[in-house]
Amino acid sequence: MRALAEFIMRGRVQASAVALVGSIVPFLSPATVGLVCLRKGGVEASIVALWSAMPILISYYLGQTQPFLAVISVVSLLHVIAVATVLRVTRSWALSLMVLVASGAVLAGLARFSFHADFALMLLDLENIFQTASQQLDEDLVSPSPSNTVAAMAWIVVLSGLIGLVLARWWQALLFNPGGFQEEFHNIRLDKKSAAVSVVIVCVGLSALAEYQLWLQLAIVPLLVNGLSTLHYAVKLKGFGSHWLVLVYIGLILGSLTAGLLAAVGAADSVLNLRARLSRNTTA
């Protein structure tokens with residue numbers, strides 16, 4: 001990974017080449033664009049992002065891919081630039097995480113209304129897919145509503161931005177501050193107001209109409225990252241094996257229960273500062 005990060009930082013041509021290849025490798029393009037933005041700013045990152053988006057744009061105009069998914073791919077790159085700029089300027093993960101969620105939701109919504117014809121075509125494709133699946137399974141399957149479809153796209157934008165930003169920051173640390181990313185990640189902690197807002201939105205989302213649940217549940221992301229940060233800190237502090245972290249990430253991928261528990265830990269840490277308590281107990 002260090003060699004790849006060094007290659008990206010050699011210049012615009014190298015970074016653009018990696019970003020271009022990254023259009024077929026998950027999270028490589030967002031991470032590349034994020035790294036360039038963190039080190040050289042949004043203007044340079046936008047140029048690299050343009051090269052990354054080139055195959056997507058060509059495919060869009062030739063009609064060789066689902067048009068709205070192509071739009072979301074480009075939106076994801078713009079989203080990474082926006083959030084990386086916030087982190088670069090403020091050096092605050094807490095603020096960056098809140099912006100990550102808010103801007104991801106806004107950009108997905110804007111994409112729907114700006115490219116409504118492409119969005120309508122995707123809804124039609126989804127309806128056909130669900131009708132075919134219903135016939136094959138002999139079961140009545142209902143295709144997702146327009147609101148839930150856009151919310152799913154917002155989740156894609158937010159998660160892509162989060163993973164891309166984390167990778168970019170890790171690469172930056174490998175090159176310019178070895179070992180610094182671990183310390184930085186272990187110190188990610190939401191302030192009480194941000195945590196409270198996130199908790200309220202998530203709770204409202206749990207009881208809201210199905211049309212809005214997926215949207216409101218986006219607010220769990222900052223709490224989830226806070227929980228993961230606390231967990232990583234505790235594992236290092238207590239000297240537990242890394243296999244515990246592996247198990248947690250597997251659980252995170254397989255089900256929502258782990259995400260809920262980690263979000264609860266994140267909320268508790270923002271209010272009670274669990275890491276300080278753990279440190280005192282360990283010292284004692």
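## Contacts around I8

Two residues are in contact when they have heavy atoms within 4.5 Å of each other. In this predicted model, I8 touches A15, V18, T32, L35, V36 and W171, leaving aside residues up to four places away in sequence. I8 also has a place in the largest nonpolar core, which has 67 residues, and I8 and V221 are the residues with the most contacts inside that core. The largest share of this core, twelve residues, comes from helix α8, which covers residues 146–176.

One of the partners of I8 is T32, a residue of helix α3, which covers residues 28–40. T32 has a relative accessible area of 0% and therefore counts as buried, the cut-off being under 20%. When residues up to four places away in sequence are again left out, T32 touches I8, A15, V18, A19, V48 and W171.

## Overall form

The protein is built with 15 helices and zero strands. Its C-alpha atoms fill a box of roughly 65 × 50 × 35 Å, taken along the principal axes. Because a compact globule with 284 residues would have a radius of gyration near 19 Å, the 20 Å of the protein agrees with that expectation.

Among the contacts in the protein with a separation of 6 or more, 73% are accounted for by residues 24 or more positions apart. Of the 284 residues, 43% count as buried.

## Surface and charge

The accessible surface of the protein comes to about 14700 Å², and 67% of this surface belongs to carbon and sulfur atoms.

Most residues other than glycine have a negative phi. With a relative accessible area of 35%, F27 is partly exposed.

N273 likewise is not a glycine, and its phi is positive, at about 55°. The place of N273 is in the loop between α14 (256–272) and α15 (274–283). The relative accessible area of N273 is 27%, so N273 is partly exposed, a term that covers values between the 20% limit for buried and the 50% limit for exposed.

Conventions:
Residues are numbered from 1 along each chain as its sequence is written. This is a predicted model: local features need pLDDT of at least 70, side-chain atom pairs count only at pLDDT 80 or more; totals for chains, interfaces and linings use all residues. Side-chain values use heavy atoms; hydrogens and water are left out. A nonpolar core is a set of buried Ala, Val, Leu, Ile, Met, Phe, Trp, Tyr and Cys residues joined through side-chain atoms within 4.5 Å. Buried means under 20% relative accessible area, exposed over 50%, partly exposed in between (1.4 Å probe, protein chains only). Helices (H or I, at least four residues) and strands (E, at least two) are DSSP runs, numbered from the N terminus. The radius of gyration is taken over C-alpha atoms; the globule rule is 2.2 Å times the number of residues to the power 0.38. Accessible areas come from the Shrake-Rupley method with a 1.4 Å probe; for residues, only the protein chains shown count as cover.
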